[in-house]
Amino acid sequence: MRAFLVVIDSVGIGGAPDADSYFNDGVPDTGANTLLHIAEACANGEAEDGRSGPLALPVLDGLGLGRAVELASGTLPPGLGAVPRGRWGGATESSRGKDTPSGHWELAGLPVPWDWHYFPDEQPAFPQPLIDAVCEIAGTEGTLANCHGSGTVMLDRFGAEHIRSGWPICYTSADSVFQIAAHEAHFGLERLLDLCERMAPMLHEMKVGRVIARPFLGEEGAFKRTSNRHDYAIRPPEPILTNWAQEAGRTVHAVGKIGDIFSMEGIDHLHKGDDATLMGHLSSLVDNSEDGSLTFANFVEFDSLYGHRRDVSGYARALEWFDAELGRLLPRLREGDILVVTADHGNDPSWSGTDHTRERVPVLIAGAGAGALGQVAFADVAASVAAHLDVPARGPGRSFL
């Protein structure tokens, strides 16, 4: 009896009741729907780069994905209307925020107990004492950017100047983050990681959720971020699902950036890499992980490579890849296992701006029979996984299993 909790990062399904309180480029997130709008673009022949035709997700749809979108937002996506063979529903977030820590903490049973600090969308975005601290630690006379922006845009705008000056690139987004980009060869990877680690306590005191090291390589016109990203996140202030499981004697595996998000709280083994590598780790854990174990996985490239870049075709390709891989995993689950697929927020690639979108998320379960779960809370996911593992749960969640 094992549990696999898999977060497909940013795969929202619309319908968040408070979406009008969240904005992208000044436009409210009302009507944002990551899955629906990708499916509509595919059906209309508007997502033909590297793929073609209607969105093909037979495994996810067979678990109930199409019906979950319909439940959340009132519209059945084109091509996704299978009779579900799994348990399915939609989850609504209560935490204020549409970012990675908010979604993951609440999925792990802990709604965020404070308001995150967000930097203003103006230039300069950061208070001078913060920039002074970066300069002192890095040993530089200044920094670059000091604004809101997409990571790839920051590299295009400031990468060459960074190499010439040696100054780190500091930027943020609509999330509660402080990001520092630097060239692995010219600035140094270890130097960047040390800078971010030493800055983190100051940012965490301000209730900034994460300090993110964003290393990159290449030369002007061809800069590319590497897989050596590291997030320095605020430690959860109360025990979460991983702690519950570990304290009950269960082995906990973290796949992807789960270890960073939870500051390694309650985690025994960490498995990292790009999404293709992470799928290999997840596949190996399905075959070999310990009885009674919890595997908590995040696949980030839906969000990082395609959502923020508003790449509908790329997002559709990633979904179809994941669906095919999931189809290879499910038959290998052991009797008594469950595999839960969910998300942490939305990132509608058809929307304005480049930030996350406030949406409900799917909850799809293989190994627990078939049937509708209805509308549930994010925290109910943690309570349900704990109930399956026969682990005592804490917090506001209620099991739907």
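Student: Where is the place of Asp344?

Tutor: Asp344 sits in the loop between strand 14 and strand 15. Keep in mind that this is a predicted model.

Student: OK. What does UniProt list Asp344 for?

Tutor: An unreviewed UniProt entry gives Asp9, Asp344 and His345 under "binding site". These three span 337 residues in sequence, yet no two of their C-alpha atoms are more than 7.2 Å apart, so they gather at one spot.

Student: Which other residues does UniProt list for "binding site"?

Tutor: The unreviewed entry also has Asp303, His308 and His356 under that label. That trio spans 54 residues in sequence, but no two of the C-alpha atoms are more than 8.4 Å apart, so the three gather at one spot.

Student: Where does His308 lie?

Tutor: In the loop between helix 11 (301-307) and helix 12 (312-329).

Student: And where is His356 found?

Tutor: His356 belongs to the loop between strand 14 (338-342) and strand 15 (361-366). Asp344 is placed in the loop between strand 14 and strand 15 too.

Student: What is His308 in contact with, leaving aside neighbours within four places in sequence?

Tutor: Asp303, Asn347, Thr354, Asp355 and His356. Asp303 and His356 are also listed with His308 in the UniProt record.

Student: Let's zoom out. How is the chain divided into domains?

Tutor: Domain 1 takes 2-113 + 237-389, and domain 2 takes 128-233. Their centres, taken over C-alpha atoms, are 28 Å apart. UniProt, again in an unreviewed entry, places "domain: Metalloenzyme" at residues 1-391.

Student: How much helix and strand is there over residues 1-391?

Tutor: The chain is 37% helix and 20% strand there, and the end C-alpha atoms lie 12 Å apart.

Student: Back to the two domains. How many residues are in contact?

Tutor: 13 residues of domain 1 touch 11 residues of domain 2. About 1100 Å² is buried between the two domains, with carbon and sulfur atoms giving 47% of that area.

Student: How many salt bridges does the structure hold?

Tutor: It holds 16 salt bridges. One of them joins the side chains of Asp231 and Arg210, at 3.1 Å from N to O. Asp231 is in strand 10 (residues 230-233) and Arg210 is in strand 8 (residues 210-217), so this pair ties together parts that are 21 residues apart in sequence.

Student: Now backbone geometry. Which peptide bond is cis, with omega near 5°?

Tutor: The bond from Gln123 to Pro124. Pro124 lies in the loop between helix 4 and helix 5 (128-138).

Student: What is phi of Asp25 near?

Tutor: Phi of Asp25 is near 55°, a positive value in a residue other than glycine. Asp25 has its place in the loop between strand 2 (23-24) and strand 3 (27-28).

Student: Why flag those two?

Tutor: Because most residues other than glycine have a negative phi, and most peptide bonds are trans.

Definitions and conventions:
Residues are numbered from 1 along each chain as its sequence is written. This is a predicted model: local features need pLDDT of at least 70, side-chain atom pairs count only at pLDDT 80 or more; totals for chains, interfaces and linings use all residues. Side-chain values use heavy atoms; hydrogens and water are left out. Domain bounds come from an automatic or database domain assignment. Contact means heavy atoms within 4.5 Å. Buried area is the accessible area (1.4 Å probe) that two parts lose on being put together, summed over both. UniProt positions are given in the numbering used here, feature names are shortened, and annotations may be inferred rather than shown by experiment. Helices (H or I, at least four residues) and strands (E, at least two) are DSSP runs, numbered from the N terminus. A salt bridge is a side-chain nitrogen of Lys or Arg within 4 Å of a carboxyl oxygen of Asp or Glu.
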